[in-house]
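Here is a short tour of one protein model. Keep the sequence and the 3D view side by side as you read.

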Amino acid sequence: MSRDLSAKPWDIISSKPLIHSRWFSLREDVCQRHDGVTISPYYVAECPHWVHVALFNKDHEILVIRQYRHGIKKFVLELPGGMMELKEKPLDAAKRELAEETGYQARHFHSLPTVSPDPARLTNFIHSYIATEIITSSTQKLDPSEEIELAFLPVDTIINEICKGSFLNACHIGIFYLALSHLNQCSTK
């Protein structure tokens, strides 16, 4: 890897909106690197930030959801989470999404590192949390596009599901392993 740190962010020469919806906006940029090279077109999706929650029960099992994902036309296992509302704080969004998708609330939330799902094409970030000490359970408040089944699974079972391809969302896999790493670090201190 080159150690040349003189590279600079690209200049945006022009930007044209192509699509705008609640879920995302797509724009076409014409960019210029610091050395004069033009990159055109460069497509960028502007998306709301996302939140994900790794909820642990007293048996150290993690709550997973099973839902249909139309993009790949499959049912998959994931962590609870979703889009942040405009001006919503990440922790508030995580608590809201957990309650809406699962009916669960937790007493303690610990923030994990904020990550980018795709820094080349997406403008959003993922805010994720470990949640512990379940305090209530109520009914789910699902969106029309959601049909969600719930299960608390042991860590080894989730790792198996990753290997089998049924827990396959790369963002959720990353958050799962961030949560495990955090818990392992805390247990060795």
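Two strands count as paired if DSSP finds at least two bridges between them. The model shown is predicted.

**A three-stranded sheet**

β1 and β2 (residues 25-32) pair in the antiparallel sense, over eight bridges. Within this pairing, Ser15 stands opposite Asp29 in β2. The sheet is open and has three strands, in the order β1-β2-β3, with antiparallel pairing. Its edge strands are β1 (11-20) and β3 (38-46), and each of them pairs on one side only. On average, neighbouring strands are turned by 20° against each other, direction ignored.

Trp23 sits in the loop between β1 and β2.

**Aromatic pairs**

The structure holds six aromatic pairs. The table gives two of them.

| Pair | Centre to centre | Angle between planes | Type |
|---|---|---|---|
| Tyr104 and Phe152 | 5.5 Å | 80° | edge-to-face |
| Phe109 and Tyr129 | 6.4 Å | 75° | edge-to-face |

Tyr104 lies in β8 (residues 104-111) and Phe152 in β10 (residues 149-153), so the pair links distant parts of the chain, 48 residues apart. Tyr104 is buried, at 18% relative accessible area. Phe152 is partly exposed, at 21%.

Phe109 is in β8 and Tyr129 in β9 (residues 126-137), so this pair ties together parts 20 residues apart in sequence. Tyr129 is buried, at 8% relative accessible area. Elsewhere, ring pairs link Phe167, Phe176 and Tyr177 into a cluster.

Note on methods: Residues are numbered from 1 along each chain as its sequence is written. This is a predicted model: local features need pLDDT of at least 70, side-chain atom pairs count only at pLDDT 80 or more; totals for chains, interfaces and linings use all residues. Side-chain values use heavy atoms; hydrogens and water are left out. Helices (H or I, at least four residues) and strands (E, at least two) are DSSP runs, numbered from the N terminus. Axes are lines fitted to C-alpha atoms, for helices over the stretch in contact, and angles run from 0 to 180 degrees between N-to-C directions. Rings of Phe, Tyr and Trp (its six-membered ring) pair if their centres lie within 6.5 Å; planes under 30 degrees apart count as stacked, over 60 as edge-to-face and the rest as tilted. Buried means under 20% relative accessible area, exposed over 50%, partly exposed in between (1.4 Å probe, protein chains only).
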